[in-house]
Amino acid sequence: MRKGNVTGAKALLKALEAQGIEVIFGYPGGANLPIYDELSRSPIRHVLVRHEQGAAHMADGYARSTGKTGVCLATSGPGATNLVTGLANAFMDSSPLVAITGQVSRAMIGNDAFQEVDITGITIPITKHNYLVQEPWELPHVVEEAFYLAGSGRPGPVLIDVPRDVQQEEFSPHQAKFPQLEGYNPTLEGHPGQIKRAAALLKGAQQPLIVAGGGVYQAGAVQALRLLAEKADIPVIHTLMGKASFPNSHPLCLGLLGYHGRVAANTAVSEADVILAVGTRLADRSTGPLGTFARQARIIHVDIDPAEISKNVPAFLPIVGDAKGILIQLAGLLPPAKRAGWRARLEEVAAAHPLRGKLKGVSIPNILRLLRGLVDDPLMVTDVGRHQIFTAHYFPVDSERSFISSGGLGTMGFGLPAAIGAKVGNPGRTVVAVCGDGSFLMTCQEVATAVAENIPVVALVMNDYCLGMVKQLQDSFYGKRHESCRFGRNVDYARLAESMGALGVRVTAEGEIEPALREALASGRPAVVEFVLDEPANVYPMVTGASLLEYVE
Amino acid sequence: MRHTISILCDDTPGVMTRVSGLFSRRGFNIESLSVGHTELSGKSRFTIVVAGDDAVLEQVRKQLQKMVHVIKAWDIKPLEAVEREHALIKLEVEERKRAELLEVITAVQARIVDSSGPVWILEVTGETSAVDSAFNLFAHYRVLESIRTGKIALERGHSRMMKGQRG
């Protein structure tokens with residue numbers, strides 16, 4: 001083994017410290033122990049998770065709630081494969097992550113060694129980029145480049161696979177020359193001519209509309225978007241990822257669009273003549289059947305990723321670049337306007353189609369209503385299922401980075417660990433995870449992490465003893481044959497939480513909701529509140545036909 | 001429709017997997033793929049021939065362009081490019097057909113690059129259609145083995161890549 005004054009592991013930690021990393025979510029194992037050994041001498045906080053998937057979701061929740069790149073660490077083989085769901089989740093929702101995995105020593109790679117897996121091969125389609133580090137002296141450069149890639153342009157996860165002997169080998173740092181990334185040069189400035197044309201298009205529009213995606217908050221463009229919408233008096237609808245991209249209580253906000261969108265939002269997108277879509281992939285959950293989507297509209301598509309332009313919906317006018325600068329310039333070119341007729345039309349639709357969820361009893365809408373009254377400006381994290389859509393509809397958030405959800409991948413089990421990561425990044429904010437019974441059980445072991453690390457998040461388990469979204473689909477499309485969607489009644493979530501040292505509260509009657517929420521929020525401890533729902537209520541509106549205007553509400 | 005996609009990229013491990021993965025995940029079968037070094041040190045050029053829906057392939061091209069190690073990916077129009085393919089064919093030569101075979105070799109502008117007793121190796125270079133024709137003609141003889149490189153292509157004149165570099 002070569003000699004020098006620094007090991008690969010030490011160089012890795014130094015490079016992470018140079019990036020200003022304050023926390024790593026991880027799990028040790030044979031192939032990453034040299035890194036852990038260095039971690040013991042580093043000021044970087046380590047959160048020991050109970051499953052590597054939790055580490056990836058925590059880093060993701062941390063990233064989405066702070067705007068900083070999240071870091072997770074796992075060992076080789078099963079440690080690395082357990083990260084896969086979390087990486088795919090971050091990739092789909094463009095969340096900046098750096099995942100570091102241990103790998104077997106270089107001489108053993110390809111020999112089917114113990115706990116060996118080709119994790120760079122496995123993660124090619126679900127990372128923005130990845131590295132298999134061949135030499136310890138590459139590490140400082142690789143780490144720097146990985147963080148640059150993860151956080152710039154369209155953000156995403158980057159994986160660094162480090163063989164164990166590379167972690168251990170010594171080398172003497174020197175100013176090695178590395179090739180520049182010629183092939184990576186994200187466009188940040190929007191084309192001025194395109195912005196001018198967009199302004200003209202919006203100026204001439206009778207029924208303009210803004211579709212706000214998650215890219216708006218990721219670009220720090222929430223205020224820029226609000227100022228533009230207000231100045232030009234343009235109604236705003238949002239995707240699930242874009243819920244915190246525009247203040248939900250704002251009079252211009254018409255709510256969520258898409259398969260489970262509000263009728264007013266889906267009407268607006270169907271009747272608009274010009275649509276300004278910002279930071280959204282216009283994914284299938286948002287558009288519904290493509291053949292009938294926004295047929296009246298010419299679409300101005302603002303996105304930092306040129307590969308998203310016209311991918312799903314043809315763009316009449318693409319603008320590639322950073323949303324913030326583009327929106328500020330666009331607002332500058334737009335004259336103040338009033339659109340009383342168009343606004344009145346949409347307000348009329350909104351008034352005719354209020355949300356019809358039950359605001360009494362032990363129901364998700366009622367729990368969310370009561371919670372809203374107790375906490376000012378919480379950071380809401382959801383799992384995946386009916387409770388997720390209920391939260392999108394019934395829990396307005398008005399400040400930036402206040403709503404985190406697994407949008408693209410729809411990862412059950414995301415909620416609790418993402419909330420833990422978000423709380424680590426925002427210790428001063430109230431962080432609430434809204435989970436279903438199915439999704440909570442997928443990663444519930446992370447309650448133990450929250451207790452051990454003293455991370456006081458509140459998890460609300462909406463227990464209807466079934467897989468609600470599956471049941472809803474079976475109700476609508478499979479003749480109400482509820483195959484494999486009932487869970488039985490054997491799990492007591494409050495006692496499960498207590499067994500791990502958290503506060504556990506069980507709610508079975510409406511009168512207990514508020515006291516239980518108060519107790520959990522005031523406890524200052526990780527808490528799990530189980531709500532035994534009156535009934536497994538379906539979430540509406542729900543598009544059932546060939547266009548966004550064919551729905552059940 | 002059939003497309004010829006040219007990619008200029010960093011010559012680094014894993015590029016091939018990344019590139020081919022974008023095609024395979026959409027169920028596209030790559031008809032031919034050739035890759036080699038270029039005039040730029042540390043850079044490789046791929047020529048990929050693939051058939052598929054035009055819009056989907058344009059999406060693939062954009063995704064190729066997004067890859068960190070890809071400098072430029074573009075869809076080459078056949079009329080604006082020179083395209084070539086190279087093939088080696090191993091034949092067993094029957095004495096009575098020897099003269100006839102030599103005529104065919106001359107006619108298709110093939111060359112004998114090895115003769116080990118009655119077994120010859122011929123090489124053919126040309127556009128894909130010319131190589132196809134040569135293969136058709138040689139099929140009348142005892143072909144033992146053959147291999148084609150797949151198409152390589154360069155745009156005529158100043159290519160878009162070069163314009164990009166100048167601009």
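Author: Happy to! This is a predicted model. Let's begin with I7(B), which sits in strand 1 (residues 2–10) of chain B.

Reader: Nice. Is I7(B) buried or exposed?

Author: I7(B) counts as buried because 24 other C-beta atoms lie within 10 Å, and the cut-off for buried is 20 or more.

Reader: And which residues does I7(B) touch, skipping those up to four places away in sequence?

Author: With those left out, I7(B) touches V19(B), R45(B), F46(B), L64(B), V70(B) and A73(B). Take A73(B): 66 residues separate it from I7(B) along the chain, yet their C-alpha atoms are 4.3 Å apart.

Reader: Switching to cores: which members of the largest nonpolar core touch the most others?

Author: Those are C72(A), I275(A), L460(A) and V529(A), in a core of 172 residues. Helix 7 (residues 139–151) of chain A contributes the most to this core, namely seven residues. There is also a second, separate core of 15 residues, with I5(B), L8(B), I48(B) and V70(B) among them.

Reader: What is C72(A) in contact with, beyond four places in sequence?

Author: Its partners there include I24(A), F25(A), L83(A) and L97(A), as well as the alanines A55(A), A56(A), A59(A) and A99(A).

Reader: Last topic, then. Where do the domains of chain A fall?

Author: Domain 1 covers 6–171, domain 2 covers 192–352 and domain 3 covers 364–543. Between domain 1 and domain 2 of chain A, the C-alpha centres are 37 Å apart, and each of these two domains puts five residues into their contact.

Reader: How many of the residues on the domain 1 side of chain A are charged?

Author: Two are charged, alongside two polar and one nonpolar, on the side touching domain 2 of chain A.

How values were computed
Residues numbered from 1 in each chain as written. Chains lettered and ligands numbered in written order. Predicted model: local features only at pLDDT ≥ 70, side-chain atom pairs only at ≥ 80, totals over all residues. Core = buried A, V, L, I, M, F, W, Y, C linked by C-beta atoms within 7 Å. Buried ≥ 20, exposed ≤ 12 C-beta atoms within 10 Å, placed from the backbone. Helix = DSSP H or I, 4+ residues; strand = E, 2+ residues; numbered from the N terminus. Contact = placed C-beta atoms within 7 Å. Domains from an automatic or database assignment. Nonpolar A, V, L, I, M, F, W, Y, C, P; charged D, E, K, R; others polar.
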